[in-house]
Amino acid sequence: MTSEERNSAWYTRKEMIQMKEEAKILARSLRVVVSKKTSSTPPRSGDDGTQIPPTNSKRTLMEKYPLDFTASSSAAIKEENANGNYRGLELSIFLGRQIKKYFATRKILEYQRKCKLMIAIAEKNGNPNIQFLTEALSKKLGFVSAKYSRW
């Protein structure tokens, strides 16, 4: 492959950095649009009928950080970005997805560390069923991964 063919077939490092920055800027702007359109929840009222300011009201993680497109967020994005070139940026747009992914990764890695420790202890104690234990813990790790990745 000649250098001319390679230059026309592959992105340069500068082009890759530029595309990454454009995606970050687009994701930030769409995140702002979605948060403005979807955070207009009605004010909550206390027992005596007075309105509770939004800073004092308790919100769930799902309310504060939505995980996925809703009808209002999708419409808001389409209004703001008529080209529809936000595909693939869902993880960057929705902070709830980032949070869920972070916690899922932490739990999976924590369980993996526990499994490795259990195998190391079994090896140290001379357990004859190391192969069976390794296979069983691998399956359990797969189940844990599936459990925390389901959202």
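How many residues does H6 have, and how far does H6 reach from its first C-alpha to its last?

1. H6 has 30 residues and reaches 43 Å from its first C-alpha to its last. That is close to the 44 Å expected at 1.5 Å a residue. Please keep in mind as you read that this is a predicted model.

2. **The overall plan.** The protein has seven helices and two strands. Followed along the sequence, these elements come in the pattern α-α-β-β-α-α-α-α-α. Of the 151 residues in the protein, 17% are buried. Among contacts with a separation of 6 or more, 60% are between residues 24 or more positions apart. The protein exposes about 12200 Å², and carbon and sulfur atoms supply 55% of that area.

3. **What H6 buries.** Helix H6 covers residues 95-124. Its buried residues are Gly96, Arg97, Ala104, Ile108, Cys115, Ile119 and Ala122. Just after H6 comes Gly126, which takes a positive phi of about 75 degrees.

4. H7 runs over residues 130-149, which makes 20 residues. From first C-alpha to last, H7 reaches 28 Å, close to the 28 Å expected at 1.5 Å a residue. The buried residues of H7 are Ile130, Leu137 and Val144. Looking down the axis of H7, you will find these buried residues within an arc of 45 degrees, so they line one face of the helix. Their packing partner is helix H6.

5. **The other side of H7.** Which exposed residues sit on the face of H7 turned away from its buried side? They are Gln131, Phe132, Lys139 and Phe143. Ala136, also in helix H7, is partly exposed, with a relative accessible area of 29%; the cut-offs for this class are 20% and 50%.

6. Ala104 belongs to helix H6 and counts as buried, at 7% relative accessibility. Ala104 and Ser145 are 41 residues apart in sequence, yet their C-alpha atoms are 7.7 Å apart in space. For the second pair, take Ala136 and Cys115: they are 21 residues apart along the chain, and 9.9 Å separates their C-alpha atoms. Cys115 is one of the buried residues of H6.

7. **Salt bridges.** How many salt bridges does the structure hold? There are two. In one, the side chains of Lys24 and Glu21 meet at 3.9 Å, N to O. Both residues lie in helix H2, three residues apart, which is about one turn of the helix. In the other, Glu110 pairs with Lys114, and the closest N and O atoms are 3.7 Å apart. Glu110 and Lys114 are four residues apart in helix H6, and about one helical turn separates them.

8. An α-helix has 3.6 residues a turn, so residues three or four places apart point the same way. Glu110 counts as partly exposed at 34% relative accessibility, and Lys114 counts as partly exposed at 47%.

9. **A nonpolar patch on the surface.** Tyr11, Met16 and Met19 form a nonpolar patch on the surface, and together they have about 330 Å² of accessible area. Where does Tyr11 lie? Tyr11 is in the loop between helix H1 (3-9) and helix H2 (13-38). Is Tyr11 buried or exposed? Tyr11 has a relative accessible area of 57% and is therefore exposed, the cut-off for that class being over 50%.

Key: Residues numbered from 1 in each chain as written. Predicted model: local features only at pLDDT ≥ 70, side-chain atom pairs only at ≥ 80, totals over all residues. Heavy atoms only, no water. Patch = residues over 30% accessible without salt bridge, like charges linked within 9 Å, V, L, I, M, F, W, Y side chains within 5 Å. Areas by Shrake-Rupley, 256 points an atom, 1.4 Å probe, with all protein chains shown as cover. Salt bridge = Lys/Arg side-chain N within 4 Å of Asp/Glu carboxyl O. Buried < 20%, exposed > 50% of the residue type's maximum accessible area, 1.4 Å probe, protein only. Expected span 1.5 Å × (residues − 1). Arc of directions from axis to C-beta. Contact = heavy atoms within 4.5 Å.
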